[in-house]
Amino acid sequence: MDTLQENGLPHSPALDIPGRESTAKELGVHGAPLKTKGKHGTTKRSSPVNNVTAEFGNQQKVSLVNAPALPTTPLELPGVMDAEGRVDESRLRMHIFNNGGVSPSGRGQVWRFLFGMYPCSSTSLERPLLQEQLNVRYHSMKRKWQQLFPSAIRLRINGTDAELVAAVRYFDVRQDRVQLQAQNQSDEVKERLSFLELQAQVLFERVTFDLEELQEAIRIIDKDVPRTDRDLPYYSGEGLGNLLVLRDILITYAAFHPEVSYAQGMNDLCSRFLEVLDSEVDTYWSFSCYMEKFSKDFRADGLHRKIELEAALLKELDPQLHTHLITDSMESFTFCHRWLLLGFQREFEHCDALRLFEILSCDHLELISQQVDRARYQERIARRHSIGETVVSCGHPSKSQAKDKPVSEAQAVNTEFTFELFICATILLDNRDALLRCRNDVQLIQFTNSLQGTLDLNLTLKKAEEHFYNYCKRSAWDYMNGRCTTSKNKEGHFLFQLRSFFS
(Lines give C-alpha, C1' and ligand atoms only; values in the text may rest on other atoms or scores of the structure.)
Protein backbone atom coordinates (compact mmCIF):
# COMPACT_ATOMS: atom_id res chain seq x y z
CA MET A 1 0.00 0.00 0.00
CA ASP A 2 1.00 3.62 -0.32
CA THR A 3 2.70 5.36 2.55
CA LEU A 4 0.94 7.69 4.93
CA GLN A 5 2.31 10.73 3.20
CA GLU A 6 0.89 9.40 -0.07
CA ASN A 7 -2.32 8.24 1.64
CA GLY A 8 -3.20 11.35 2.90
CA LEU A 9 -3.83 14.42 4.36
CA PRO A 10 -5.76 15.06 7.10
CA HIS A 11 -9.16 13.93 11.42
CA SER A 12 -11.77 15.31 13.58
CA PRO A 13 -13.47 14.18 16.76
CA ALA A 14 -16.29 12.86 14.57
CA LEU A 15 -15.82 9.20 15.36
CA ASP A 16 -14.81 9.52 18.98
CA ILE A 17 -16.37 7.08 21.44
CA PRO A 18 -18.17 8.51 24.48
CA GLY A 19 -17.51 6.93 27.84
CA ARG A 20 -20.29 4.86 29.37
CA GLU A 21 -20.61 2.88 32.55
CA SER A 22 -20.88 -0.86 31.94
CA THR A 23 -22.46 -3.46 34.11
CA ALA A 24 -21.98 -7.18 34.47
CA LYS A 25 -25.58 -7.66 33.39
CA GLU A 26 -24.94 -5.77 30.12
CA LEU A 27 -21.93 -7.90 29.38
CA GLY A 28 -23.40 -11.19 30.49
CA VAL A 29 -20.13 -12.09 32.18
CA HIS A 30 -20.16 -14.30 35.23
CA GLY A 31 -17.62 -16.49 36.98
CA ALA A 32 -15.29 -17.21 39.86
CA PRO A 33 -11.69 -16.00 40.17
CA LEU A 34 -9.56 -17.25 37.30
CA LYS A 35 -6.18 -18.95 37.58
CA THR A 36 -3.70 -17.99 34.90
CA LYS A 37 -0.20 -19.09 34.17
CA GLY A 38 2.27 -16.32 33.50
CA LYS A 39 6.02 -15.97 33.43
CA HIS A 40 5.96 -15.39 37.19
CA GLY A 41 4.08 -18.63 37.89
CA THR A 42 0.41 -19.38 38.52
CA THR A 43 -1.53 -16.39 39.82
CA LYS A 44 -5.12 -15.69 40.74
CA ARG A 45 -6.90 -13.08 38.72
CA SER A 46 -10.34 -11.78 39.55
CA SER A 47 -13.16 -12.82 37.28
CA PRO A 48 -14.23 -10.31 34.60
CA VAL A 49 -17.50 -9.88 36.50
CA ASN A 50 -15.56 -8.43 39.43
CA ASN A 51 -13.88 -5.90 37.18
CA VAL A 52 -17.13 -4.31 36.09
CA THR A 53 -18.24 -2.40 39.15
CA ALA A 54 -19.57 0.97 40.21
CA GLU A 55 -15.97 2.14 40.35
CA PHE A 56 -15.30 1.11 36.77
CA GLY A 57 -13.86 4.52 35.96
CA ASN A 58 -10.56 3.38 37.46
CA GLN A 59 -10.45 0.17 35.38
CA GLN A 60 -8.78 -0.31 31.99
CA LYS A 61 -11.30 0.08 29.16
CA VAL A 62 -11.35 -1.05 25.55
CA SER A 63 -9.30 1.28 23.36
CA LEU A 64 -10.86 4.13 21.42
CA VAL A 65 -11.42 3.94 17.69
CA ASN A 66 -9.27 7.04 17.43
CA ALA A 67 -7.87 9.72 19.74
CA PRO A 68 -9.35 12.99 18.44
CA ALA A 69 -7.93 15.38 21.03
CA LEU A 70 -4.30 14.64 20.21
CA PRO A 71 -3.68 16.23 16.77
CA THR A 72 -3.59 19.74 18.26
CA THR A 73 -1.90 18.80 21.55
CA PRO A 74 1.61 20.34 21.73
CA LEU A 75 4.59 18.14 22.51
CA GLU A 76 5.96 18.70 26.00
CA LEU A 77 9.54 18.64 24.69
CA PRO A 78 11.57 21.87 24.69
CA GLY A 79 12.59 23.18 21.28
CA VAL A 80 10.99 20.31 19.34
CA MET A 81 7.71 21.87 18.11
CA ASP A 82 7.34 25.37 16.63
CA ALA A 83 4.44 27.79 17.13
CA GLU A 84 2.43 26.30 14.24
CA GLY A 85 2.85 22.75 15.46
CA ARG A 86 5.61 21.53 13.12
CA VAL A 87 8.10 19.13 14.65
CA ASP A 88 11.86 19.27 14.21
CA GLU A 89 12.46 15.57 13.52
CA SER A 90 16.20 15.69 14.19
CA ARG A 91 15.68 17.33 17.59
CA LEU A 92 12.88 14.91 18.43
CA ARG A 93 15.09 11.90 17.80
CA MET A 94 18.02 13.47 19.61
CA HIS A 95 15.82 14.26 22.63
CA ILE A 96 14.59 10.68 22.82
CA PHE A 97 18.12 9.30 22.72
CA ASN A 98 19.75 11.82 25.05
CA ASN A 99 16.98 11.49 27.66
CA GLY A 100 16.63 7.73 27.50
CA GLY A 101 13.09 7.87 26.12
CA VAL A 102 10.12 10.08 26.94
CA SER A 103 7.70 10.22 29.85
CA PRO A 104 4.81 7.73 29.77
CA SER A 105 2.29 10.60 29.75
CA GLY A 106 3.70 12.08 26.54
CA ARG A 107 4.69 8.83 24.85
CA GLY A 108 1.52 8.40 22.79
CA GLN A 109 1.81 11.80 21.13
CA VAL A 110 5.56 11.40 20.53
CA TRP A 111 5.13 7.99 18.90
CA ARG A 112 2.65 9.38 16.38
CA PHE A 113 5.47 11.58 15.06
CA LEU A 114 8.34 9.17 15.68
CA PHE A 115 6.79 6.35 13.65
CA GLY A 116 5.41 8.56 10.90
CA MET A 117 1.66 8.61 11.42
CA TYR A 118 1.87 12.39 11.61
CA PRO A 119 4.34 13.95 9.16
CA CYS A 120 6.69 16.14 11.18
CA SER A 121 6.09 18.92 8.65
CA SER A 122 2.33 18.97 9.38
CA THR A 123 0.83 21.81 11.40
CA SER A 124 -1.68 21.69 14.25
CA LEU A 125 -4.38 22.84 11.83
CA GLU A 126 -3.60 20.15 9.26
CA ARG A 127 -3.42 17.15 11.57
CA PRO A 128 -7.14 16.97 12.50
CA LEU A 129 -7.97 16.82 8.78
CA LEU A 130 -5.27 14.20 8.21
CA GLN A 131 -6.52 12.02 11.04
CA GLU A 132 -10.11 12.25 9.84
CA GLN A 133 -9.09 10.97 6.44
CA LEU A 134 -6.97 8.18 7.89
CA ASN A 135 -9.86 7.16 10.11
CA VAL A 136 -12.26 6.85 7.17
CA ARG A 137 -9.70 4.98 5.07
CA TYR A 138 -8.94 2.48 7.82
CA HIS A 139 -12.61 1.63 8.27
CA SER A 140 -13.07 1.29 4.51
CA MET A 141 -10.16 -1.16 4.42
CA LYS A 142 -11.55 -3.07 7.38
CA ARG A 143 -15.03 -3.32 5.82
CA LYS A 144 -13.57 -4.66 2.58
CA TRP A 145 -12.10 -7.83 4.11
CA GLN A 146 -15.12 -8.23 6.42
CA GLN A 147 -17.46 -8.25 3.41
CA LEU A 148 -15.36 -10.98 1.79
CA PHE A 149 -15.07 -13.04 4.98
CA PRO A 150 -18.20 -12.38 7.05
CA SER A 151 -17.48 -15.52 9.08
CA ALA A 152 -14.13 -14.00 10.16
CA ILE A 153 -15.65 -10.84 11.66
CA ARG A 154 -15.98 -12.57 15.02
CA LEU A 155 -13.28 -14.57 16.72
CA ARG A 156 -14.30 -18.20 17.07
CA ILE A 157 -13.87 -19.47 20.60
CA ASN A 158 -14.60 -22.83 22.14
CA GLY A 159 -15.91 -21.40 25.40
CA THR A 160 -13.28 -22.96 27.66
CA ASP A 161 -11.27 -19.73 27.96
CA ALA A 162 -13.39 -17.56 30.28
CA GLU A 163 -11.21 -14.51 29.73
CA LEU A 164 -11.55 -14.79 25.95
CA VAL A 165 -15.32 -15.13 26.25
CA ALA A 166 -15.34 -11.96 28.34
CA ALA A 167 -13.09 -10.22 25.81
CA VAL A 168 -15.58 -10.86 23.01
CA ARG A 169 -18.44 -9.44 25.06
CA TYR A 170 -16.50 -6.37 26.13
CA PHE A 171 -15.60 -5.81 22.48
CA ASP A 172 -19.25 -6.11 21.41
CA VAL A 173 -20.24 -3.42 23.92
CA ARG A 174 -17.54 -1.18 22.49
CA GLN A 175 -18.90 -1.75 18.96
CA ASP A 176 -22.36 -0.71 20.14
CA ARG A 177 -20.84 2.54 21.43
CA VAL A 178 -19.27 3.20 18.03
CA GLN A 179 -22.59 2.71 16.24
CA LEU A 180 -24.39 4.95 18.73
CA GLN A 181 -21.85 7.72 18.21
CA ALA A 182 -22.17 7.45 14.43
CA GLN A 183 -25.94 7.85 14.67
CA ASN A 184 -25.57 10.99 16.77
CA GLN A 185 -23.30 12.83 14.33
CA SER A 186 -24.46 16.16 12.95
CA ASP A 187 -25.57 16.44 9.33
CA GLU A 188 -22.45 18.48 8.52
CA VAL A 189 -20.15 15.78 9.86
CA LYS A 190 -22.09 13.03 8.08
CA GLU A 191 -21.85 14.89 4.79
CA ARG A 192 -18.11 15.43 5.14
CA LEU A 193 -17.50 11.81 6.10
CA SER A 194 -19.63 10.48 3.27
CA PHE A 195 -17.43 12.37 0.80
CA LEU A 196 -14.27 10.91 2.38
CA GLU A 197 -15.82 7.45 2.35
CA LEU A 198 -16.56 7.79 -1.36
CA GLN A 199 -12.91 8.73 -1.96
CA ALA A 200 -11.78 5.71 0.05
CA GLN A 201 -14.06 3.35 -1.87
CA VAL A 202 -12.60 4.57 -5.15
CA LEU A 203 -9.07 4.19 -3.77
CA PHE A 204 -9.56 0.59 -2.62
CA GLU A 205 -11.99 -0.57 -5.31
CA ARG A 206 -9.28 -2.21 -7.40
CA VAL A 207 -7.54 -3.88 -4.46
CA THR A 208 -7.86 -7.66 -4.68
CA PHE A 209 -7.02 -10.32 -2.12
CA ASP A 210 -5.53 -13.76 -2.40
CA LEU A 211 -8.35 -15.44 -0.52
CA GLU A 212 -6.43 -18.57 0.44
CA GLU A 213 -3.45 -16.63 1.78
CA LEU A 214 -5.64 -14.22 3.71
CA GLN A 215 -7.67 -17.07 5.20
CA GLU A 216 -4.44 -18.70 6.35
CA ALA A 217 -3.25 -15.41 7.86
CA ILE A 218 -6.54 -15.05 9.75
CA ARG A 219 -6.20 -18.60 11.06
CA ILE A 220 -2.71 -17.89 12.45
CA ILE A 221 -3.78 -14.52 13.87
CA ASP A 222 -6.69 -16.21 15.68
CA LYS A 223 -4.19 -18.58 17.29
CA ASP A 224 -1.65 -15.89 18.20
CA VAL A 225 -3.85 -13.08 19.53
CA PRO A 226 -5.09 -15.07 22.56
CA ARG A 227 -1.42 -15.79 23.35
CA THR A 228 -0.62 -12.07 23.67
CA ASP A 229 0.61 -11.27 27.17
CA ARG A 230 -2.63 -10.82 29.13
CA ASP A 231 -0.70 -10.14 32.33
CA LEU A 232 -0.21 -6.56 31.12
CA PRO A 233 -2.48 -4.03 32.89
CA TYR A 234 -3.69 -2.91 29.47
CA TYR A 235 -5.56 -6.20 29.10
CA SER A 236 -7.15 -6.20 32.54
CA GLY A 237 -10.85 -5.71 33.20
CA GLU A 238 -12.74 -4.45 30.20
CA GLY A 239 -9.32 -4.09 28.59
CA LEU A 240 -9.62 -7.75 27.64
CA GLY A 241 -11.62 -6.45 24.68
CA ASN A 242 -8.40 -4.93 23.35
CA LEU A 243 -7.43 -8.42 22.22
CA LEU A 244 -10.21 -8.20 19.62
CA VAL A 245 -9.11 -4.70 18.60
CA LEU A 246 -5.60 -6.09 18.10
CA ARG A 247 -7.04 -8.89 15.97
CA ASP A 248 -8.86 -6.48 13.63
CA ILE A 249 -5.71 -4.38 13.17
CA LEU A 250 -3.57 -7.40 12.31
CA ILE A 251 -6.11 -8.83 9.83
CA THR A 252 -6.48 -5.45 8.11
CA TYR A 253 -2.71 -5.14 7.85
CA ALA A 254 -2.34 -8.67 6.45
CA ALA A 255 -5.11 -8.07 3.91
CA PHE A 256 -3.58 -4.89 2.49
CA HIS A 257 0.07 -5.92 2.74
CA PRO A 258 0.09 -9.35 1.06
CA GLU A 259 3.85 -9.17 0.48
CA VAL A 260 4.23 -9.26 4.27
CA SER A 261 0.87 -10.70 5.40
CA TYR A 262 1.22 -11.95 8.98
CA ALA A 263 4.08 -13.67 10.78
CA GLN A 264 4.28 -14.91 14.33
CA GLY A 265 5.52 -12.20 16.67
CA MET A 266 3.64 -9.37 14.98
CA ASN A 267 0.91 -9.64 17.61
CA ASP A 268 3.38 -8.77 20.39
CA LEU A 269 4.84 -5.93 18.35
CA CYS A 270 1.46 -4.46 17.40
CA SER A 271 0.26 -4.86 21.00
CA ARG A 272 3.00 -2.47 22.03
CA PHE A 273 1.63 0.21 19.70
CA LEU A 274 -1.96 -0.38 20.81
CA GLU A 275 -1.03 -0.10 24.48
CA VAL A 276 0.79 3.21 24.00
CA LEU A 277 -1.54 4.84 21.46
CA ASP A 278 -4.79 3.38 22.87
CA SER A 279 -6.48 3.92 19.51
CA GLU A 280 -7.37 1.37 16.84
CA VAL A 281 -6.93 3.72 13.88
CA ASP A 282 -3.71 5.33 15.13
CA THR A 283 -2.24 1.94 15.98
CA TYR A 284 -2.91 0.62 12.49
CA TRP A 285 -1.21 3.52 10.72
CA SER A 286 1.74 3.77 13.13
CA PHE A 287 2.29 0.02 12.99
CA SER A 288 2.09 0.12 9.18
CA CYS A 289 4.70 2.89 9.02
CA TYR A 290 7.00 0.92 11.31
CA MET A 291 6.59 -2.22 9.21
CA GLU A 292 7.53 -0.34 6.04
CA LYS A 293 11.05 -0.23 7.43
CA PHE A 294 11.22 -3.46 9.43
CA SER A 295 8.90 -5.94 7.68
CA LYS A 296 11.99 -7.68 6.26
CA ASP A 297 12.87 -8.76 9.81
CA PHE A 298 9.83 -11.05 9.75
CA ARG A 299 11.05 -12.82 6.61
CA ALA A 300 13.58 -15.62 6.81
CA ASP A 301 16.19 -13.85 4.68
CA GLY A 302 15.95 -10.61 6.67
CA LEU A 303 16.25 -12.36 9.99
CA HIS A 304 19.17 -14.48 8.84
CA ARG A 305 20.94 -11.34 7.67
CA LYS A 306 20.46 -9.69 11.06
CA ILE A 307 21.82 -12.76 12.86
CA GLU A 308 24.81 -12.79 10.52
CA LEU A 309 25.49 -9.15 11.35
CA GLU A 310 25.27 -9.88 15.08
CA ALA A 311 27.82 -12.68 14.67
CA ALA A 312 30.12 -10.38 12.67
CA LEU A 313 29.90 -7.67 15.31
CA LEU A 314 30.67 -10.05 18.16
CA LYS A 315 33.65 -11.33 16.19
CA GLU A 316 34.96 -7.76 16.18
CA LEU A 317 34.33 -7.26 19.90
CA ASP A 318 35.18 -10.70 21.32
CA PRO A 319 36.65 -13.25 18.87
CA GLN A 320 36.90 -15.99 21.51
CA LEU A 321 33.21 -15.82 22.46
CA HIS A 322 32.27 -15.68 18.78
CA THR A 323 34.29 -18.82 18.03
CA HIS A 324 32.63 -20.66 20.92
CA LEU A 325 29.10 -19.79 19.76
CA ILE A 326 29.59 -20.99 16.17
CA THR A 327 30.65 -24.52 17.09
CA ASP A 328 28.82 -27.45 15.52
CA SER A 329 26.94 -28.28 18.72
CA MET A 330 25.26 -24.87 18.77
CA GLU A 331 23.30 -23.27 15.94
CA SER A 332 25.29 -20.07 15.87
CA PHE A 333 23.32 -17.01 17.02
CA THR A 334 19.75 -18.19 16.39
CA PHE A 335 19.07 -17.95 20.13
CA CYS A 336 19.19 -14.15 19.68
CA HIS A 337 16.23 -14.42 17.29
CA ARG A 338 13.53 -13.26 19.73
CA TRP A 339 15.69 -10.47 21.15
CA LEU A 340 16.22 -8.84 17.76
CA LEU A 341 12.76 -9.55 16.37
CA LEU A 342 10.81 -8.06 19.28
CA GLY A 343 13.30 -5.46 20.48
CA PHE A 344 14.22 -7.24 23.75
CA GLN A 345 10.58 -7.10 24.86
CA ARG A 346 10.88 -9.78 27.54
CA GLU A 347 14.45 -9.27 28.71
CA PHE A 348 13.68 -5.97 30.46
CA GLU A 349 10.86 -4.84 32.72
CA HIS A 350 7.88 -3.85 30.59
CA CYS A 351 8.22 -0.08 31.14
CA ASP A 352 11.92 -0.28 30.27
CA ALA A 353 11.20 -2.38 27.18
CA LEU A 354 8.94 0.43 25.88
CA ARG A 355 11.70 2.96 26.53
CA LEU A 356 14.24 0.83 24.71
CA PHE A 357 11.88 0.38 21.75
CA GLU A 358 11.56 4.13 21.22
CA ILE A 359 15.30 4.65 21.75
CA LEU A 360 16.14 2.06 19.09
CA SER A 361 13.47 3.51 16.79
CA CYS A 362 14.85 7.05 16.99
CA ASP A 363 17.88 5.95 14.92
CA HIS A 364 19.96 8.71 16.49
CA LEU A 365 23.09 6.73 17.29
CA GLU A 366 23.66 4.86 14.06
CA LEU A 367 26.53 4.58 11.63
CA ILE A 368 24.19 6.12 9.05
CA SER A 369 23.33 9.14 11.20
CA GLN A 370 23.20 12.67 9.84
CA GLN A 371 26.77 13.54 10.86
CA VAL A 372 28.13 10.53 9.02
CA ASP A 373 25.90 11.18 5.99
CA ARG A 374 27.29 14.71 5.70
CA ALA A 375 30.87 13.44 5.86
CA ARG A 376 30.15 10.73 3.30
CA TYR A 377 28.55 13.28 0.99
CA GLN A 378 31.64 15.50 1.16
CA GLU A 379 33.84 12.55 0.24
CA ARG A 380 31.65 11.66 -2.74
CA ILE A 381 32.03 15.23 -3.99
CA ALA A 382 35.80 14.99 -3.58
CA ARG A 383 35.92 11.71 -5.46
CA ARG A 384 34.14 13.20 -8.47
CA HIS A 385 37.16 15.40 -8.96
CA SER A 386 39.67 12.61 -8.54
CA ILE A 387 38.44 9.94 -10.95
CA GLY A 388 41.36 8.13 -12.45
CA GLU A 389 43.77 8.95 -9.66
CA THR A 390 45.74 6.09 -8.19
CA VAL A 391 44.59 4.57 -4.93
CA VAL A 392 47.39 2.79 -3.07
CA SER A 393 46.51 0.28 -0.36
CA CYS A 394 48.66 -1.38 2.25
CA GLY A 395 48.98 -4.39 -0.15
CA HIS A 396 50.66 -2.12 -2.77
CA PRO A 397 48.78 -3.30 -5.89
CA SER A 398 49.69 -1.89 -9.26
CA LYS A 399 48.09 1.33 -10.44
CA SER A 400 45.86 -0.53 -12.88
CA GLN A 401 44.68 -2.87 -10.12
CA ALA A 402 43.92 0.06 -7.88
CA LYS A 403 41.81 1.67 -10.58
CA ASP A 404 39.90 -1.52 -11.25
CA LYS A 405 39.22 -2.24 -7.60
CA PRO A 406 38.93 0.91 -5.48
CA VAL A 407 39.05 0.53 -1.75
CA SER A 408 35.64 0.19 -0.14
CA GLU A 409 34.75 2.02 3.05
CA ALA A 410 32.91 -1.07 4.25
CA GLN A 411 36.30 -2.63 4.90
CA ALA A 412 36.75 -0.16 7.74
CA VAL A 413 33.27 0.44 9.17
CA ASN A 414 30.22 -1.77 8.63
CA THR A 415 27.34 0.69 8.40
CA GLU A 416 24.84 -2.15 8.86
CA PHE A 417 25.84 -2.45 12.52
CA THR A 418 22.78 -0.80 14.05
CA PHE A 419 22.54 0.16 17.70
CA GLU A 420 20.24 -2.77 18.48
CA LEU A 421 23.09 -5.09 17.46
CA PHE A 422 25.33 -3.34 19.99
CA ILE A 423 22.60 -3.81 22.64
CA CYS A 424 22.52 -7.52 21.82
CA ALA A 425 26.33 -7.76 21.88
CA THR A 426 26.41 -5.99 25.24
CA ILE A 427 24.05 -8.59 26.75
CA LEU A 428 26.25 -11.37 25.36
CA LEU A 429 29.45 -9.79 26.68
CA ASP A 430 27.93 -9.15 30.11
CA ASN A 431 27.08 -12.86 30.31
CA ARG A 432 30.29 -14.07 28.72
CA ASP A 433 31.20 -16.62 31.40
CA ALA A 434 27.74 -18.20 31.39
CA LEU A 435 27.78 -18.46 27.58
CA LEU A 436 31.22 -20.06 27.53
CA ARG A 437 29.85 -22.77 29.81
CA CYS A 438 27.01 -23.56 27.37
CA ARG A 439 27.73 -26.67 25.28
CA ASN A 440 24.56 -27.10 23.23
CA ASP A 441 21.37 -25.42 22.04
CA VAL A 442 19.34 -26.57 25.03
CA GLN A 443 21.72 -24.84 27.44
CA LEU A 444 21.63 -21.69 25.30
CA ILE A 445 17.82 -21.61 25.41
CA GLN A 446 17.90 -22.10 29.17
CA PHE A 447 20.35 -19.23 29.40
CA THR A 448 18.17 -16.85 27.35
CA ASN A 449 15.06 -17.79 29.34
CA SER A 450 16.88 -17.03 32.59
CA LEU A 451 17.40 -13.41 31.48
CA GLN A 452 13.72 -12.54 31.07
CA GLY A 453 12.84 -9.43 33.07
CA THR A 454 16.23 -9.30 34.82
CA LEU A 455 18.33 -6.85 32.78
CA ASP A 456 19.12 -3.27 33.82
CA LEU A 457 18.28 -1.00 30.88
CA ASN A 458 20.28 2.08 31.92
CA LEU A 459 23.42 0.03 32.51
CA THR A 460 22.96 -1.87 29.26
CA LEU A 461 22.51 1.37 27.29
CA LYS A 462 25.64 2.88 28.80
CA LYS A 463 27.77 -0.15 27.96
CA ALA A 464 26.30 -0.47 24.45
CA GLU A 465 27.09 3.16 23.72
CA GLU A 466 30.68 2.60 24.90
CA HIS A 467 31.04 -0.43 22.63
CA PHE A 468 29.61 1.59 19.73
CA TYR A 469 32.03 4.50 20.15
CA ASN A 470 35.01 2.23 20.72
CA TYR A 471 34.22 0.26 17.59
CA CYS A 472 33.88 3.41 15.48
CA LYS A 473 37.02 4.99 16.88
CA ARG A 474 39.12 1.85 16.44
CA SER A 475 37.83 1.24 12.91
CA ALA A 476 38.45 4.83 11.83
CA TRP A 477 41.97 4.89 13.28
CA ASP A 478 42.88 1.54 11.71
CA TYR A 479 41.62 2.67 8.35
CA MET A 480 43.46 5.98 8.38
CA ASN A 481 46.69 4.75 9.98
CA GLY A 482 48.05 2.15 7.61
CA ARG A 483 45.27 0.07 6.13
CA CYS A 484 44.63 2.50 3.38
CA THR A 485 45.99 5.87 2.31
CA THR A 486 45.20 8.07 -0.65
CA SER A 487 47.16 10.59 -2.60
CA LYS A 488 44.57 13.20 -1.64
CA ASN A 489 44.54 15.17 1.58
CA LYS A 490 43.06 12.99 4.34
CA GLU A 491 41.22 15.99 5.83
CA GLY A 492 38.32 15.48 3.41
CA HIS A 493 38.02 11.74 3.91
CA PHE A 494 34.88 10.27 5.44
CA LEU A 495 36.78 8.06 7.89
CA PHE A 496 39.03 10.96 8.93
CA GLN A 497 35.94 12.98 9.85
CA LEU A 498 34.43 9.98 11.57
CA ARG A 499 37.62 9.55 13.60
CA SER A 500 37.52 13.22 14.57
CA PHE A 501 33.85 12.89 15.50
CA PHE A 502 34.57 10.09 17.99
CA SER A 503 37.87 11.50 19.34
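The structure holds 0 disulfides, a disulfide being a pair of cysteine sulfur atoms within 2.5 Å. This is a predicted model, in which local features need pLDDT of at least 70 and side-chain atom pairs count only at pLDDT 80 or more, while totals for chains, interfaces and linings use all residues. Residues are numbered from 1 along each chain as its sequence is written, and side-chain values use heavy atoms, with hydrogens and water left out.

**Chain overview**
- The protein chain contains 23 helices and 4 strands; helices (H or I, at least four residues) and strands (E, at least two) are DSSP runs, numbered from the N terminus.
- Of its 503 residues, 51% count as buried, that is, under 20% relative accessible area with a 1.4 Å probe, protein chains only.

- C120 is buried, at a relative accessible area of 12%.
- C270 is also buried, with 0% relative accessibility.

**Helix α5**
- Helix α5 (residues 104-114) is mostly covered, as 8 of its 11 residues are buried.
- Among them are R107, W111 and F113.
- The buried residues of α5 pack against α4 (89-98), α6 (126-148), α11, α12 (280-294) and α16 (350-361), where contact means heavy atoms within 4.5 Å.
- G116 follows α5 and has a positive phi, near 95°.

**Arginine R272**
- R272 belongs to helix α11 (residues 266-277).
- Leaving aside residues up to four places away in sequence, R272 touches W111, L342, G343, Q345, L354 and F357.
- R272 is buried yet has no salt bridge (a side-chain nitrogen of Lys or Arg within 4 Å of a carboxyl oxygen of Asp or Glu).
- The nearest side chain of opposite charge to R272 is E275, 7.0 Å away; Lys and Arg count as positive and Asp and Glu as negative, with His and the chain ends not counted.

Terms used
Buried < 20%, exposed > 50% of the residue type's maximum accessible area, 1.4 Å probe, protein only.
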